[in-house]
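Welcome! Take a moment to look over the sequence and the structure below, and then we can walk through a few of the helices together.

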Amino acid sequence: MVRLVNLMTLPLYIFLAFFVSFAIAFLILPKLSRIASRIGLMDHPNRRKVHKNPKPLIGGLGMMMGIYLSCLLFIPLSNLRGFYTGLFMLALVGFLDDFRELNHNLKFVAQIIASIIMVYFSQTVLQSFGDLFSFGPINLGIIAIPLTIFSTVGVINAINMVDGLDGLAGGLSLIAFISFAILSYINSQTELMLLSVVLSGAVVAFLRYNWQPSKLFMGDAGSLSLGFSLAFLSIAITQKNNSLVPPVAALLILSVPIVDTLTIMIKRVLKGKNPFYADKNHLHHILLKFGLDKKDAVKAILLLSGVFSTIALIGTIFKVPDYYLFLIFSL
């Protein structure tokens with residue numbers, strides 16, 4: 001790979017990384033949609049889904065094409081081999097699930113393996129929660145690696161489970177990627193900033209076709225990949241040695257999908273149901289029951305996510321103590 005970063009200013013480099021990812025995904029998605037309709041790679045309506053017509057499940061595949069080519073051109077491999085490998089694995093497993101619906105346990109195992117690969121080959125480990133209660137940093141010690149895997153799988157499933165309305169999972173991911181790009185810049189992590197920009201470009205292209213009324217869906221290939229990417233960035237940015245970004249900042253940025261998923265899963269367990277049982281009790285379903293239309297429900301949730309992400313950015317820039325930011329999250 002040519003180290004273009006030495007030949008041009010960083011802003012232009014950022015633009016090219018974004019543009020290549022966006023352009024490839026934008027151009028390839030309509031072509032993949034036509035192929036999907038011919039081979040039966042479609043999401044058909046049922047009683048727990050809100051769409052009424054079959055939609056191609058190729059958003060994730062198109063985004064991954066744009067992301068991988070842009071990363072190949074603009075981001076050195078360096079410490080990202082584990083991330084790229086895990087991302088490819090989940091994109092493939094998600095695609096196979098979209099095409100022929102895999103057993104849920106198999107998907108869960110794939111998520112765990114991808115998380116282990118990320119930990120050992122990208123050296124990305126959740127070592128500390130920060131000073132959440134003003135008693136000093138909460139260091140994880142021997143449980144750091146198991147908790148990293150657990151947290152990564154949790155974020156993956158949070159994005160997967162929140163993907164219920166046009167533009168929702170993509171919009172939440174875009175807000176998070178933009179926030180992580182800013183935080184990684186503050187943290188002097190140029191490669192992670194470029195990765196966040198590349199991911200943002202592909203998601204913007206996808207949203208062009210997924211915004212209400214949508215022409216296609218991201219499918220599990222998209223939601224698993226985006227969730228994995230968000231988990232990786234949240235750990236890699238906050239756990240850097242002498243990081244300027246507290247772990248609670250990532251928690252705030254991802255608060256909407258995390259809290260929604262935890263609430264739903266706890267309710268299901270209390271009712272004696274499988275925590276992964278599909279129902280209509282997510283936040284977006286509740287907003288629809290209160291009378292909001294689909295587009296307004298998505299806008300309301302994205303606004304909420306934007307507010308929490310802005311708080312995370314302001315808190316980081318002005319070095320607000322972790323426990324104050326955690327208090328805001330807890331409320």
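Helix α6 covers residues 168–186, and its 19 residues should span 27 Å at 1.5 Å a residue. The C-alpha atoms at its ends are 27 Å apart, which agrees with that expectation. Keep in mind that this is a predicted model.

How many of the residues of α6 are buried? The count is 14 of the 19, so α6 is largely enclosed by the rest of the structure. After α6 comes Ser188, which has a positive phi, near 60°.

## Ser309 in helix α12

Next, have a look at Ser309, which sits in helix α12 (residues 294–317). Is Ser309 buried or exposed? Its relative accessibility is 2%, under the 20% cut-off, so Ser309 counts as buried.

Setting aside neighbours within four places in sequence, Ser309 touches Ile175, Ser179 and Ile253.

## Where α2 meets α7

Two packed helices are described by the angle between their axes and the distance between the axes. For helix α2 (residues 59–74) and helix α7 (residues 190–210), the axes come within 9 Å and cross at roughly 145°. The crossing of α2 with α7 is right-handed.

Which residues make this contact? From α2 come Gly59, Met63, Ile67, Ser70, Cys71 and Phe74, while α7 brings Leu194, Leu195, Val198, Leu199, Ala202, Val203 and Phe206. Eleven residues of this contact are nonpolar and two are polar, with no charged ones. An α-helix has 3.6 residues a turn, so residues three or four places apart point the same way.

Terms used: Residues numbered from 1 in each chain as written. Predicted model: local features only at pLDDT ≥ 70, side-chain atom pairs only at ≥ 80, totals over all residues. Heavy atoms only, no water. Axes fitted to C-alpha atoms, helices over the stretch in contact; angles between N-to-C directions. Helix = DSSP H or I, 4+ residues; strand = E, 2+ residues; numbered from the N terminus. Left-handed = near helix turned anticlockwise from the far one by under 90°. Contact = heavy atoms within 4.5 Å. Nonpolar A, V, L, I, M, F, W, Y, C, P; charged D, E, K, R; others polar. Buried < 20%, exposed > 50% of the residue type's maximum accessible area, 1.4 Å probe, protein only. Expected span 1.5 Å × (residues − 1).
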